[in-house]
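Hi,

Here is the structure I promised to pass on.

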Amino acid sequence: MNNFTLGSYMPYDSLIHRLDPRAKIMGMIFFMVAIFIPAGYFPYIILGVVALVLLLIAHLKLRSVWKSMKPMLLMMVFLLVINLLVVRTGYVVVKLGDFAIYSDALAQTFYIAVRLVLMIMITTTLTATTKPLDLTLGIEDLLTPFKVLHVPAHEIAMMISIALRFIPTLIEETQRIMKAQASRGVDMEEGKLKEKIMAVLSLIVPLFVSAFQRAEDLANAMEARGYIPERKRTRYKQLKMAGRDWIMLGCSFLLMAVPILIAMGYLDPLRIGSLFLEGVGYAL
Amino acid sequence: MPIRYEGLTHIYQEGTPFSYLALDDVSLEIKEGAFTAIIGETGSGKTTLVQHLNALLLPSKGKLQVLDRLITADQKPKQLKSLRKQVGLVFQFPEYQLFEETILKDVCFGPKNFGATEEEARDMAVKMLKLVGLDESYLDQSPFELSGGQKRRVAIAGILAMDPQVLVLDEPTAGLDPQGAKEMMDLFVELNKTYHKTVLIVTHDMEHVLHSCDEVVVVAKGKIKKQCDVTTFFEDVELLKQLRIDPPAVIKMREALRERGFSLGKDMLSIEALAKAIQSEVQKHE
């Protein structure tokens, strides 16, 4: 369980680590929108390159992205099968008796796979470079304008930060109980079905008992210190947008604008390509 | 066969930015049948040290001989169950590992996992619950209705019911009242002296070390700082100071008397012995 990659902070020092969490969250949202706009293959090349560069700048390894992608492999295979069966447009690639595989089915699956990979890359970059607490501060700030619509921004942020705070604690607790039960002869990997059920039970019951105990203790501790959610609170850590944060925001907005413009027909990827080549030609 | 650590190193989360050297080239031998205290500051590696004993943790480097088993860094040990039956490990706050509906079932869980029949497990459970001070009226109660101290007793009985040869206890008295802690320590002494179990105990309480243990192992920053018998340990006042250990009352008294000119041997480890020594000294002057 030590290789819990998705959503775990990596304490390096890089440009991306130092960016304002609000800028990073907004940037991620722009990037996500860009991923889901159907504008052909061209934007994906740009997005892929950008995502790779971001990973590199943040000192992250492709291996960690691969690790968080592994659980999705089965889903991708499943999607591929469904698409092969359902999609019947485009030209026939392979024909096996009555069954034919169409080109659009392959293209669809390919797009979904690319989208998933890009999504994982960008979310990993965000969570690996931002401390969970900064992330919640960012979310709280970004939700503040929605207070007009009675969105409880502070409460949501508090809930997220408590949940995030207790993920490592619960993992630690789980490992501790697993070790304690292993000492009592529980074998989580081998054994018959009945033994396995017993093993899981011997883990889950104590885990729940202690989680509820912790929740109660925390609630009492917060109340004892007079916590009232509606009150205006000050913060120890003040977030400040610096120049580089605005630049990052601008770039990610552009990144979103490109596929939108292409999808709306204002921009032709081929023209961009030829313009780019001409530019390179002039430069040479 | 004793327990022997040979050049054992343990690194947590090796190869990540979180990697942490918990044990650094530890070599140590613990005699069979001894009652050994393992002491050291928080984070010094005591828990890591003892969790190797039943292969919950495996060495990053070096090897470990436990009874007839050899655990090495490069090879994943097989059939851990037989080792875990021989080495019973009681965790810190073991009351958190209770999960069954009744106390009896919970105590039987360990022995049954190691292949005991229903009856054997039951007999053992009843016997061990009695040993920790819980009579038969408790058998069908839920462990979650007990007080903290009683839960701890049930959890310890759950390990004892496995009938391990080596008993490893990680701060078994933490958070107990002084009376409860003393009873618990007396139980471990009984297990050691009457049932001839090798006992290792991680503790911060010097009174317990003085009154119950035979040997002391001092762990500091992942290394073994000192290993000796209890008498020698409390004789080394300089080391105690250096380790920032607050010595037991009797030792403080002895040192205070020594400073005032009493010549007291190093076996003066109880109030009675001290009183006698003072008496004879006073009589000499009369």
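Predicted model: local features only at pLDDT ≥ 70, side-chain atom pairs only at ≥ 80, totals over all residues.

The axes of α3(B) and α5(B) come within 7 Å of each other and cross at roughly 35°. The crossing of these two helices is right-handed. On the α3(B) side, the contact is made by B:Ile103, B:Asp106, B:Val107, B:Phe109 and B:Gly110, while α5(B) brings B:Val154, B:Ala157, B:Gly158 and B:Ile159. Sorted by class, that contact has six nonpolar residues, two polar and one charged.

Leaving out residues up to four places away in sequence, B:Val107 touches B:Ala125, B:Met128, B:Leu129, B:Val154, B:Ala157, B:Gly158 and B:Ala161.

That brings us to the cores. The largest nonpolar core has 76 residues, and B:Val107 is among those with the most contacts inside it, along with B:Ile38, B:Ala125, B:Ala161, B:Val168 and B:Ile201. Helix α5 of chain B (residues 148–160) gives this core its largest share, six residues. There is also a second, separate core of 20 residues, which includes A:Leu19, A:Val65, A:Met248 and A:Met256. As background, nonpolar side chains in soluble globular proteins tend to be buried together.

Next, where the chains meet. Chain B and chain A put 19 residues each into the contact. On the chain B side, α2 (80–86) and α3 (103–113) each supply at least two of the residues that touch chain A. By class, that side of chain B has 10 nonpolar, six polar and three charged residues.

Over in chain A, look at helix α7 (residues 132–143) and helix α8 (residues 153–183). They pack at an angle of about 165°, with their axes 9 Å apart. The two helices are therefore roughly antiparallel to each other, the cut-off for that being an angle over 145 degrees. Their crossing is right-handed. From α7(A), the contact uses A:Pro132, A:Leu133, A:Thr136, A:Ile139, A:Glu140 and A:Leu143; from α8(A), it uses A:Ala153, A:His154, A:Ile156, A:Ala157, A:Ile160, A:Ser161 and A:Leu164. Nine of the residues in this contact are nonpolar, three are polar and one is charged.

Cheers

Notes
Residues numbered from 1 in each chain as written. Chains lettered and ligands numbered in written order. Axes fitted to C-alpha atoms, helices over the stretch in contact; angles between N-to-C directions. Helix = DSSP H or I, 4+ residues; strand = E, 2+ residues; numbered from the N terminus. Parallel < 35°, antiparallel > 145°, perpendicular 65-115°, else oblique. Left-handed = near helix turned anticlockwise from the far one by under 90°. Contact = placed C-beta atoms within 7 Å. Nonpolar A, V, L, I, M, F, W, Y, C, P; charged D, E, K, R; others polar. Core = buried A, V, L, I, M, F, W, Y, C linked by C-beta atoms within 7 Å. Buried ≥ 20, exposed ≤ 12 C-beta atoms within 10 Å, placed from the backbone.
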